[in-house]
Every structure is written in structure tokens, then in C-alpha cells.
Amino acid sequence: MTGFILRRLLSITVTFFIVSLLIFLAMHSIPGGPFDGGDMPMPEAVRATLMERYGLDQPLYVQYAKYMWGVLHLDFGIPFQSPGETVLELIGRAWVPSLVLGGLGVLIGAPLGILLGMAAALNRNSWIDYLASAFATLGLTIPVFVTSMGLILIFAVWLNWFPASGWPEPEKWVLPIAAYATIPLATYARYTRSAMLDTLNRPFVTVLRAKGLSERRIIFQHVLRNAALPMVTVFLPMFIGTATGSIFVEAMFRVPGMGAYFVSSIRTRDYPLEMALMLMLTVMFCLAYLISDILYAWLNPRIRFGGRKG
Amino acid sequence: MTAALELRAISKVYQLRSGGGLFARYADHVAVRDVSLAVPRNGIVGLVGESGSGKTTVGMMALRLTEPTSGQILIGGDDVTRLGPAALKPYRRRVQVVFQDSYSALDPMFTLAQIVAEPLHVHGVGTATDQTGQALDWLERVGLHRSYGQRYPHELSGGQRQRVAIARALILRPDVLVADEPTSALDVSVKAQIINLLQDLQAEMGLSILFISHDLSVVRSLTDTVAVMWAGRVVEQAPTEAIFAGARHPYTRALLDAIPVTNPALRHQRRFQTREELEQAAGGPGRLRELAPGHLVEVPA
Amino acid sequence: MRLVEIADLVVSFPQDEGVVQAVRGVSFHVDAGESLGIVGESGSGKSVTCMAALRLLREPPARISATALTLAGVAMLRASRRDLAAIRGKVAAMVFQDPMTAFDPVFTIGHQIAETIIAHQGGAKAAAMAQAETLLTRVEIKNPAAILRAYPHQLSGGMLQRAMIAMALSCRPQILIADEPTTALDVTVQAQILQLIKALQAELGMGLIMITHDLGVIAETVDRVVVMYGGKVMEQGPVAAIFDAPRHPYTVALLGSMPGAEPGRRRLVEIPGASPNPAQPPPGCPFHPRCPQADARCAAEMPPFRAIAPGRDAACWRLQ
């Protein structure tokens, strides 16, 4: 196991550098720089000075080396679009709403999805099943900005139950959280349903019934535990994907989160911010998968306790 | 006279995770230790053992589907032990196989005619029309009507599918057929059909068969000589009836004792030994000694 | 009162291609302390019969009907879900074919035996585990304490089957149903397990139903045998009588086609053809397409199951 973890950490490091290089090259391959155009084109001399100040006149490999050297010291530079703070400070500031809303969205949506999936699996082919499955499919296929618009229209405009903006007061959080929750809910509903149906078909479930255990015990103690195993591994990556903010939800609900920056940093050629965001995502996902794998190995007795005793 | 198939002191050692759990090590697992076996032309040799005995691994090595760690495999006297895929191809025609699970042995997307003709196709024998014609001939030869050529595997019963597998194996007229538990998954009333079919084809074609099984009763009715494997090695080898008349090795005796006896009069009180007791009685790997003409038994080294 | 009473049991499964008639009118009984063997090939309906008796089939799609289906006096077809849970494991217990997939992989063996005990007898976990350990010793497991803590994937087939037997006997059932308990095991292990089952049955005075396709197993383990084919019972009688003098053509053919019965390499007596397809059973006697003695009546009408000698019944026009 130690060997496994060490190897993975090594490969994460390699991935990190490869991704950084690819992103860097991709960024700089888009024509135009951070100080071109805009509403008021600036005099060439000013632009040249700015480029020199930020080191953008240097050869690419020098820029890359300098930036990565900074990264290793946890210095991600200064965002061009907001030079009054460092990239880290910007991310620290902007991440809070995304983390809160997105995180709560997953933490609420996933359990609801599991319950929905269970209901569907246990009432297979009944109207509950069809309704739950339809709901889950819609959740996955309707784009999140449409869902957000729908939520605003129904609950903010027609029913006037909740405000249409999502930050900062907690009572404003309900709708954006609902928007964020749709995908985890739908994903877990489908996952749970199929995992439970798979488990229910396995021979040991018939044996449990033959032993005279109550149906409730069979479902909650045995079937759920077996079905849950693969679902555990999906959670962390899903959490990271959602808790880094969706540009659509944040735009719809006017939330000052991180989602917008993913797109804007590319548009405005804000290299330091762009690099930092991408690298952050890379590392978080890699770690999420690593932790998920370790968790799965820990929970699965077949992997945790190998070997024969008799 | 050269044997159709000969295995000389073959062994197979695997590197397996041992200990277990999250922190594992690797250890050597000897699946097959020093097995020598010869299948004469026109003969049927049985290889008997339970799960873990190594008998299937021996079969895989005979077919060169896996390479022995040491030892030699000879087909018709030629050493094929270390040949590469290209050099091996002509030998593939001479040694064919039938497996236990006929359902997964036949590709469900192909018709029976296509399945049976495939070996001809692979080895470039005849035109497409010839191939189909021969395939249908062979379907008839194994007891299925020619019209079955258009059918698909899932439409057949287990016994019928096994017949198709046999037709496919024999269409190239191999010298040796390795049959790995071909009747184990079949119903009792169908086992007899397949055993008879194998015997008939063997007599017609002068085929040599290596018949791998855990079922001594089937082996009794089909084979000339039997080799009994246990824990990766051959512990007894003799003409079939000699084994049944008087087995010498404790494991062989345990196997024979375990066969349920249908005639109540012949039943006697048997003590069934546990694996530990057997290991005690048999001891560690020894060497084979000829205790009677043609009757080899493993004795302590 | 008979321990097990089954009369005219019919089990069918409607499917897209048609109705699969797995069991088409089966009747037999078992008395206390008696052992009955049900022998048949795949598709004969032998397993479905016993699964239906314990109501372990999913209904729907399965459809079960019978004029009588009682276990220890309880009418199984009229029992509620709660009653069924109380009966299964306590009145009648079952041992299944493949021990490797019969246990929940995420719990230890001890936990799974103990939960059966607690479900039927209540009590604390510690007491149940102690009882489980005693049971494991009873089924001849050498190191029961370690096995209690082991997970299913860590044990061999033979050990798991012994553990499953221990689990089935944990609440001292009156009836033990063993569905091909040794088919997935090695021959040497099989012999030990059968001997164990027989000894435990005698010791606990249970009724035993042993389902198998292996005639040898039947001969060694039970007093009476029921021969099933194509969803119906062909012949029934004491084991010695059936083997010495089989009457029904199917039984005769089956015994005749067993390999290894006689010494030497030989051609065996075959039964031509294949078992009937449960989705399209032939009219009349299910065996008639393969029977050397079949005539027009056999092909048209199903023969009634009637006594042909004291204690022996058969369903065959030729025998009446």
C-alpha cells in the first residue's frame, strides 16, 4: 500500500508539471495579450512598459521557468485584472461563495439522490421508479443555466418565496444551492438505483431471505452497504467539480464566486490567474482520486484483508 | 514410436501476491512441479485432479497457451517449448482444445457454420465455399443436422454446443485433442452422449486425446491410462483399470473412496481424510517409482 | 402431521417469449426424521420446487399455486411476509449450491451466523457469537475462533459450505433443504460434507430434502427419492428399491447411462436428445420424445402419478 501511495504521488507530480506546461503553451498560443484592445487602446509605449514590468517580453521558456519557480514557493503572481491583490488572495476571496453554495449543493443533493435511487430500486418498474428515473434524467440533461432560470422564474418571480440573488445572506442561498444540487442528485439517484438492483440480484440476498431476516434489515444492513462501495469513490471528484463554482449559476444568481474567473481569465489573457486556477484544479482532482482509491481499498474487505485463512 | 504429445518435466511457477490486504508481498507459487506425461498416437490419456491440482495449467502448457517455467513440450517429437507465435502456427493445427464451458467458448455473434469453419479460415485451407461445406459436414458428423449451420449458439442446449466445440476442434484433423473437463457442465444424460462421441471420433480419426477431468467415473469409461495430480505434481500414473483395481498412493485412494457408490451393497464404511491428514500421509514432493509394470507412484524422495 | 406436504405444485414465470412452466404439478411429502432426495437434470424443476416451498421466488413474476404447500403444518401460500420471515431459518432452513457467493462479502462469517441467531432468538451479540463458535465446531471446523472473524473471500469452498450448514442449523430447524450442496466442491470435500449433513440430520432429528443431479449422492445420503423430469415427478420410492429395480423408463435410462459403473473403456448407453425446454414443454409425458417405449398415448396424454407397488409411485402409461 505504501508503495502504491508513493507511486501515485509521484505520478501526480509528473502530471502536475505536464499539465502546467500544456496550459502554459495553450494560453500563450491564443493570439493577443492582456493589455491589447479593450475599450481604450493604450499608447504603444505604455503597453510595452507594462509587458516589460510583468516579464511578458521575455522568451516563453524563461516566463515558464520563472512562473513555476514561483509556484514551488506558493507564489502564483498577481492577476492582471486585479493588480491590487495577489492571485492567492483573489482565489481565497472568490472561492468562499463557490465553496459554500456548491459544497452545500453536493452535500444536500447527494443524500437526496441516494434516497430517490433507493426508492426507485425497491419499487422497480412502478410509477415511483419511472418518476424518479425521469427526474434524474432531466436533472442530468437540462443545462444548469436553464434549471437556474426555471428556479428563479418559479420561486422568485411567480411564487416570490425566495430572492433571485444568491449572496451573501443565507436566506438567499436556497435557490443557488438547489441549482447546484441537481447534478449530484441526479447522478446519485441513477448510481444508487443501478447499484442496488445489481446487489439485489446477487445470490447472497436470497440466502439472507432464506435465513429469515426482515426485509428492512436486508436492505439497510446488507444491500445498501454493498451498493454503497462503488458510490463512495464518486463523491470526492464530484464535490471538487461542483465546489469550484459554476459560471452559469453564479452569473444567474449574481454570486461573486470563482466560476466566472475560469472563463474570464482566458478571455482577458490573465495568465497568472489562469495558470493558478488550472493547477489548483489539477492537484485537487488528482488528490481526490487518490483518496477515493485508498478509501475504496479500505472499505472493501477483499482488498483490505487479502489472503486465505482456510 | 514417438508420442503424439509429450511433456517432459514441465513446471510452472507463478509470482503471486501473498500475505494480503493493503500491504502485500510477492511469493512463488508452484502450480505445476516436474510433470512428465506422454500421450501415445491413437491413445486416450486421462489427467485427473481436483481444483488447485494444476491439471488445467498442464493442459494450457500442452497447448502452448502458456509457457512452462522449465521443461519441454514435444508435439510429434518436435520441441515446441520456446517457439514464437509464427513458428508455432503450424503446430497449432496439430493440437486443438475443447473447454468445459461451451457457452463462453462459442462467439454468440457468429452462426454455427461460421464458428466451425473459422479454423479453416485462419489456416487458409480451401476456398470459402469449401470451408462452409466442410463445416456443415462436420456438424453432421457430431450429430447435428446440416440446417443447424444457420443457427446461433444461444439457440442450442449445453450438449449441442459442446458438439459444436468438438466439431470446431477437429475440423483441422489435429493429431491431439486436449479436452479440459468437457462433460463437467453437462447433465448426466448428456455426458454419455459426449463421451461416446469422443470415442467414436477418436477411433475414426486415430486421434490422441488428453482428457482432463476431476470425475474419475467418466475417466474410467473413456481412457487407457490415467495420471493423478495433486498439489501440482503427478502422484500416480497407470493403466486405468490398474488404478481402479488397486491404487497405491494415499491421495488416489482418497479420490476413489470419495466416489459415491450407487449400489448399497458395495458401500463400506469409509473414513474421509482431511487435507492435513492427506498432506501428512503423502508427504512433500517425492519422486516417481515404478512399483509395477507401467504403474508409477510417488514415493518420498 | 407430515413435516412437508406438497400437492399439485405449479410454478410458472411469464416472460416475453412465453410462459416458462418450471413446475407442472408436483406432489411429495417428507415425514419427521426422514430424508428425501429430489433428483433431476437442469430444467427438471427440482430447485424451483424447493425455492417455491420457502416462497423465495420473486412473486411476481413467479406464479405459484398448489392444493397443499405446508411446512410443519404452516400453510406457506397463505403466510404473511412477517410469518415467512419467522419460518425461514427457524422452521425450515436452506443450504445453497455455491458457497462462494452465498455470503455477504462485507461482513465476517461470525457476524452472519450471529445475526441469524439474533433474528430468531433475540439476545446479545456476544452470546450469539459464542453459539456460532460452537456451531462451527459442530461442523468440524478446526479453528472456529479464527473463522468467526474471517471474511468470506478468505475461505475455501469446503469451509464456506460448512459455515453455511452451521448457519442453517443455528436455530435448530425442523426441516433442512439442501440444494446441490456439494456440486461446486471437490470430490473429496463433497464426500465429507455429505457425511456431515447425514450425521447432523440424524443427531437433530430433522427432516432432510436433498436436491441433486448426482445419483451417487442420492444413493449415499437419503432414504427415499423423487425423480423429476420436465417439471413433473416421474418416479418415487425407497432408494434401494429405485436403484435395484427402477421402473420408470427415464430412471432406467438415467441409471444405465452413468459412466464408470462398469470397468474398462466402453461405449455408454445414451439417452438421445435433450431435456425439454421449460418454455415449450411437449404435450403428454415430458420424457416421450426420448423414451424407447413411447407410444401415441404417451405423446398425447400426461400419465397420472399412481402407486405401482407399496410405497412406490410412477407416472408412466407403460406401468399401469
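1. Arg269(A) is buried, because 20 other C-beta atoms lie within 10 Å. The classes are these: buried means 20 or more other C-beta atoms within 10 Å of the residue's own, exposed means 12 or fewer, and partly exposed is in between, with C-beta atoms placed from the backbone. Arg269(A) is not a glycine, yet has a positive phi of about 55°. Its place is the loop between helix H11 (259-267) and helix H12 (271-299) of chain A. Helices (H or I, at least four residues) and strands (E, at least two) are DSSP runs, numbered from the N terminus.

2. Some conventions. This is a predicted model, in which local features need pLDDT of at least 70 and side-chain atom pairs count only at pLDDT 80 or more, while totals for chains, interfaces and linings use all residues. Residues are numbered from 1 along each chain as its sequence is written, and chains are lettered from A and ligands numbered from 1 in the order in which they are written.

3. Ala72(C) is not a glycine but has a positive phi of about 50°. It lies in the loop between strand S5 (68-71) and strand S6 (74-75) of chain C. Ala72(C) counts as partly exposed, because it has 18 C-beta neighbours inside 10 Å. The peptide bond from Glu59(C) to Pro60(C) is cis, with omega near -5°. The bond from Pro60(C) to Pro61(C) is also cis, with omega near 10°. Pro60(C) lies in the loop between helix H1 (46-53) and strand S4 (63-65) of chain C. For context, most residues other than glycine have a negative phi, and most peptide bonds are trans.

4. Chain A as a whole. It has 13 helices and 0 strands. The C-alpha trace spans about 85 × 60 × 30 Å along its principal axes. Of its 310 residues, 31% are buried. Two residues are in contact if their C-beta atoms, placed from the backbone, lie within 7 Å. Among contacts in chain A between residues at least 6 apart in sequence, 73% join residues at least 24 apart.

5. Chain B as a whole. It has 11 helices and 12 strands. Its C-alpha atoms fill a box of roughly 60 × 50 × 50 Å along the principal axes. Buried residues make up 45% of the 301. Of the contacts with a separation of 6 or more, 64% are between residues 24 or more positions apart.

6. The sheet in chain B. It is open, has 8 strands and mixed pairing, and its order is S6-S7-S8-S3-S9-S10-S12-S11. Its edge strands are S6 (95-98) and S11 (287-292), each pairing on one side only. Two strands pair if DSSP finds at least two bridges between them. S10 (residues 233-239) and S12 (residues 295-299) of chain B pair in the antiparallel sense over 2 bridges. Gln237(B) stands opposite Leu296(B) in S12(B).

7. The side of chain B that touches chain C. The contact takes 36 residues from chain B and 35 residues from chain C. H7(B) gives the largest share of the chain B side, 9 residues. By class, that side has 16 nonpolar, 14 polar and 6 charged residues. Here Ala, Val, Leu, Ile, Met, Phe, Trp, Tyr, Cys and Pro count as nonpolar, Asp, Glu, Lys and Arg as charged, and the others, Gly among them, as polar.

8. Nonpolar cores. A core is a set of buried Ala, Val, Leu, Ile, Met, Phe, Trp, Tyr and Cys residues joined through C-beta atoms within 7 Å. The largest has 190 residues, and those touching the most other members include Phe211(B) and Ile209(C). Helix H6 (residues 157-169) of chain C gives the most to this core, with 9 residues. A second, separate core of 36 residues includes Trp173(A) and Ile183(A).

9. A last residue. Glu204(B) is found in helix H7 of chain B. It counts as exposed, because it has 10 C-beta neighbours inside 10 Å. Glu204(B) and Asn42(B) are 162 residues apart in sequence, but 9.9 Å apart in space, C-alpha to C-alpha.
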